[in-house]
Amino acid sequence: MINKLIFKHYAIGFHDLGTETLKSKIFYDDLKLIKNVFKETPMFSKYLCSNDVLKTDKFDLIDKAFKENIDQYSLNFLKILVSDSLIEYFSKIYNEYHHLMNIEIGIIEGKLYCPFSLEDAQIKVLEGIFTKKLNKKVEFKLIIDQRLIGGIKILVDSTLYEYSISSMMDSIKNKLLYD
């Protein structure tokens, strides 16, 4: 098992390069494109992770797939991940880079707990509400929590906003017991 700090170090190193070269947003867009290619074409990432394929063949495939579409630094970063046998952890490195970009541009990351999956549009509505409420851009990560009976919980900047049925029931119980 690889230590989570390794993903963070690679993301920080690449983000630092982006900051120095004024290309951090370009790198982010490149990483997002690569992530989407891996998602749309799982065999592509499996090929890059395979121990049966020579690194030079992997590098050739990366060049064919991305050379015309991403920055040279991003292309080299992808090759480094292949060379260091970390390409299978690309999504974790991408998530770390995404977190660094949010910090750079002032986006607050929050967690949205819900007993079921929500559509992206529904999450965007909630992000908009909290952006207005906090006067800062907010981005939520959806976490499915089936212990919630209904409703949602939102954690932003160490503050928990609870809009769940269980919290409403607790509130009613406390009013009945103490009023």
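Which residues does Lys79 touch, not counting residues up to four places away in sequence? Keep that one in mind for View 1. First, some ground rules: this is a predicted model, so local features need pLDDT of at least 70, side-chain atom pairs count only at pLDDT 80 or more, and totals for chains, interfaces and linings use all residues. Residues are numbered from 1 along each chain as its sequence is written, and side-chain values use heavy atoms, with hydrogens and water left out.

**View 1. Lys79 and its neighbours.** Lys79 touches Phe59, Ile62 and Asp63, where contact means heavy atoms within 4.5 Å. Lys79 sits in helix H5, residues 72-83. (Helices are DSSP runs of H or I with at least four residues, strands are runs of E with at least two, and both are numbered from the N terminus.) With a relative accessibility of 17%, Lys79 counts as buried; buried means under 20% relative accessible area, exposed over 50%, and partly exposed in between, using a 1.4 Å probe and protein chains only. Its side chain also makes a polar contact with the side chain of Asp63, at 2.8 Å. (A polar contact is a pair of N or O atoms within 3.5 Å; within protein, one must be able to donate a hydrogen and the other to accept it, and residues adjacent in sequence count only if both atoms are side-chain atoms.)

**View 2. Helices H3 and H4, packed together.** Helix H3 (residues 42-49) meets helix H4 (residues 55-66) at an angle of about 150 degrees, and their axes are 9 Å apart. The axes are lines fitted to C-alpha atoms, for helices over the stretch in contact, and angles run from 0 to 180 degrees between N-to-C directions. H3 and H4 are therefore roughly antiparallel: that label is for angles over 145 degrees, while under 35 is roughly parallel, 65 to 115 roughly perpendicular and the rest oblique. On the H3 side, the contact is made by Phe44, Tyr47, Leu48 and Cys49; H4 brings residues including Leu61, Ile62 and Phe66.

**View 3. Two aromatic pairs, ring by ring.** The structure holds 12 aromatic pairs. Rings of Phe, Tyr and Trp (its six-membered ring) pair if their centres lie within 6.5 Å; planes under 30 degrees apart count as stacked, over 60 as edge-to-face and the rest as tilted. Phe38 and Phe90 form an edge-to-face pair, 5.2 Å centre to centre with 75 degrees between the planes. This pair links distant parts of the chain, with Phe38 in helix H2 and Phe90 in helix H6 (residues 90-105), 52 residues apart. Phe38 is buried at 11% relative accessible area, and Phe90 is buried at 3%. Now for Phe130 and Tyr161: their ring centres are 5.0 Å apart and their planes are at 75 degrees, so this pair is edge-to-face. Phe130 lies in helix H7 (residues 120-134) and Tyr161 in strand S4 (residues 159-164), so the pair ties together parts 31 residues apart in sequence. Both Phe130 and Tyr161 are buried.

View 4. Leu22 is found in the loop between helix H1 (4-20) and helix H2 (24-40). You'll find Asp157 in the loop between strand S3 (151-156) and S4, and at 52% relative accessibility Asp157 counts as exposed.
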